[in-house]
Amino acid sequence: MRNYKKTIACIAIWTLLLTGSLSAHGQSSATYSFTFNNISLDEALNEIDEKTSYSIFFKKQWTDTVSVSGEYLNLNISSLLDALLKPAGLNYTIIDKSVILTGDIKIVEALIYDTSSVQVPQSKYIFDREFRGSSGQEVMAVGSRSKMIAGSKALLVGFVKNTETGEPVQSAVVFKDGTQINTSTNEKGFYSLSLPTGDHIIAVQYTGMKATKQPIILFSDGSLNLTMEEEPQILQEVTITSDQSANVSNVRMGAASLNMEELKNVPKILGENDMIQAALTLPGVQNVGEGAAGINVRGGKTDQNLIQLNHATIYNPFHFFGFFSSFNADITASSELIKSGIPATYGGRLSSLLNVKMKKANKDHFSGKIGLNPITTKVSVEIPLIKDRTSLMAGGRTTYSDWVVREIPNENFKNSAPSFSDFAINLNHSYGESNSINLSGYYSTDKFKLSTDSINNYSNINGSLEWSHLINSKLSSTLIAGATNYQFSIDYEAQPESAFDYGFEINEQFGKLILNYFPSDIHDVQVGTDIKLYNLQPGKIRPIGMSDVTPEKLQTEKGIERAFFISDEFKLSQKVSLYGGLRYSFFSPIGNRTVDYYQSGSPKNDATRTATIDYEDGEVIDTYHGPELRFSGKYSLNSQSSVKLGVTQMRQYIHAISSTVSVAPTDTWKLSDPNFAPQKSIQYSIGYYRELMNKKLELSVESYYKDLQNLLDYKIGADLVLNQNLETEVIQGEGRAYGLEFLLKKPTGKLNGWVSYTFSKSQQKFESDFAENRINNGNYFSSNFEKPHDLSIVTNYKYTRRYSFSMNVVYSTGRPITYPTGQYTLSGIEITHFSKRNGYRIPNYFRVDLSVNIEGSHKVNKPGHGYWSISIYNVLARKNVYSVFFSNDNGTIKGYELSVLGTAIPSITYNIKF
């Protein structure tokens, strides 16, 4: 019966549908009755075709294996077809007097929408999930048609991820193509955008990746996940936030993203790519000199930086005397340094946040990388365990650097023996579209002696577990837990009678809950809480073997730090965006511990001690608490420029006390207690941001002022090692830091790079009615790490596809130092008179680095792709002064300059990916 109709059905259905001639199901008042006794469905349809006014079109292979039995009495055509076809999983549509079966494809049969408001061609509504536009690109349907309201707006949400690695792309700009409607992704790669219902082209851009566009039809609130392919930009080292005017349009300020993959093309010291050395080329980031561990950000001390690896704190992130960091670039996905406008989610430090994230391994295929140079060997692998669901990244690095140190023309290094290693793993598992679990672990160890018979050891161990859950399109949660351990020790065995082992240890356990709520595309709300449990062993010494050293151990210190936070980033208009946040933190030192109390307003010493109280294990000794305000705002002057301002308030409850200008083995860590108030700061900042020459240049100028309270410093002649009453050797005062930062960046092109300049001041004041608690007569004096002028120039030139050249130029003012200014004799005793604290400066610092990078063949079918990097650090062999020290030689004061690297340091590195 009418078999010729079956042959033309496929052509007829699409012709009819695409002409827009769809109509509602026929709802004729006519009813029909049929009785079928175990016949095939195609026979039943042929019978209906013959006995009714409807012509039925279908493919026989859909129906000849389906049996039909039963009575179907007094049913209209739609009810009859529903009863027959739905049990078989078949769909149909009725056009005039034609019934067309469409198999498993469901047809939208009537458009109840006002298409003039929606502005979408009717033909685009045909398929349930997806269809192809005129260009052949897949067009995605988002949301539910049944929930569509003509002329209304809908919320589009989703994640942006790296196609190759599966990593979220943070700070990517997502926007409707051809408009100013845009947003940016958060650290999870999540975005939220409000758009009118209808058809759109959604675009996403990020520096170093190919721009992506996706046509969509938006029916109602729904999700759209986007992926981006890597497109490495030539010779970039530091990428500031993202592309597509993010430096101008983003409400955040004082933040920089360090692109680890692109570090390979800049001059490096000792053959290692290093994020912290890259950060030192940015405005506002300094250190005290070569071989110095720690960084100083906007006038802050080294312990005032919160450095985290996958949410776990790293207390000493340096290897090899501070020449490079403990973070292996090959296992690092991203690193963000925030100098101001720190989100309310983070706290506990005054100056900056360095947030480092490990790579998540590719879930599709195995890959790896090997790096070789005269200093280190490193290996990393990415292993898919369950395709598209579970993967493992693992990487390690070790050194064989003793011979290099012996070649340094500095007597202080001649007998040195440094070594280090680090290892990390990152296991990632995704289940469903809404859940992801990430388990990471990290271990690093350093062992060295520096022209002495003492062996120094320190290690970092940490681990974290993170569960991310997308509750719905507007609400997500992140639950984090983990632990950190940092240990340091000095072993001395050269003389058996005085052999000893000295060390300290810091343990930290933490947990955090973050809820992200997106009520609309103009709001990004975060609310949550976190908690940390500190357990410090500030110092202990024990004899080794038959040594006469008396064992001693300082009291263990414990404390609990808690915080609650809430924030909202929202857009008032296309020109005005605001971020407001409040973090309220609490800290309680707890027992088991004995605490001495002193007379209020007097110096802390034996004579002013008023009480000694023993606290039981877990008993609260004291509680500090207070608000931490976070605010920033952006006003767009036009599409190429904007101004921003911000206020950042911070509190710090753990402190490093040192008598040196850099991180040193004898540093003492201390928790706040009744004798050590928490350090506090408030920073005000303002900036101007502009794009020049059709976005080929990026300009930013930022100025800041920071007020600091309860800063710690040591008294003259203080004894900080194994001191049971450390509060008697330390005083607290106030500080101020201010500066102007300038950055001009050319991010793309054969010739690219940036120029950064910083003018800054960092000063402290310790004023008291008592002489022993005063420094510099109670007047402000420069901090040990203040460098008023700091200039960095990074230039990169891509000569050919395989050959490139890079150069760094670095200049800075010498740091402050206290000089002896005279001698006199009192009662027959020679006394040296010193200048005011930090009244002089060491010579200025200047360095030039060069490198040549040679890429291997770019053939696709090669089993591995390698490249060579040849660098010369300090190519002018300038003897930059690290420190100046003095000695009394038969009554004559003599000064000496110490240079750590007073020569050019060449290196050659070979890396291969497979």
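Modeller: Ser783 is buried, its relative accessible area being 1% (buried means under 20%, exposed over 50% and partly exposed in between, with a 1.4 Å probe and protein chains only). The model is a predicted one, in which local features need pLDDT of at least 70 and side-chain atom pairs count only at pLDDT 80 or more, while totals for chains, interfaces and linings use all residues. Residues are numbered from 1 along each chain as its sequence is written, and side-chain values use heavy atoms, with hydrogens and water left out.

Ser783 lies in the loop between β48 (781-782) and β49 (789-798); strands are DSSP runs of E of at least two residues, helices runs of H or I of at least four, numbered from the N terminus. Its side chain is joined to that of Gln764 by a polar contact of 3.2 Å (N or O atoms within 3.5 Å, one able to donate a hydrogen and the other to accept it; residues adjacent in sequence count only if both atoms are side-chain atoms). Beyond four places in sequence, Ser783 touches Ser762, Gln763, Gln764, Pro816 and Asn838 (contact means heavy atoms within 4.5 Å).

Another serine, Ser588, sits in strand β37 (residues 576-590). Ser588 is buried, with a relative accessible area of 5%, and a polar contact of 3.0 Å links its side chain to that of Thr623. With residues up to four places away set aside, the partners of Ser588 are Lys558, Gly559, Ile560, Arg562, Val620, Asp622 and Thr623.

Turning to nonpolar packing, the largest nonpolar core has 37 residues, and among those with the most contacts inside it are Tyr315, Phe323, Leu536 and Trp669 (such a core is a set of buried Ala, Val, Leu, Ile, Met, Phe, Trp, Tyr and Cys residues joined through side-chain atoms within 4.5 Å). Elements giving two or more residues to this core are β32 (475-492), β33 (500-517), β34 (523-543), β42 (654-657) and β43 (668-671). Leu536 is in contact with residues including Ile506, Thr556, Ile654, Trp669 and Leu671, its neighbours within four places being left aside. A second, separate core of 25 residues includes Leu282, Ile295, Val356 and Met393.
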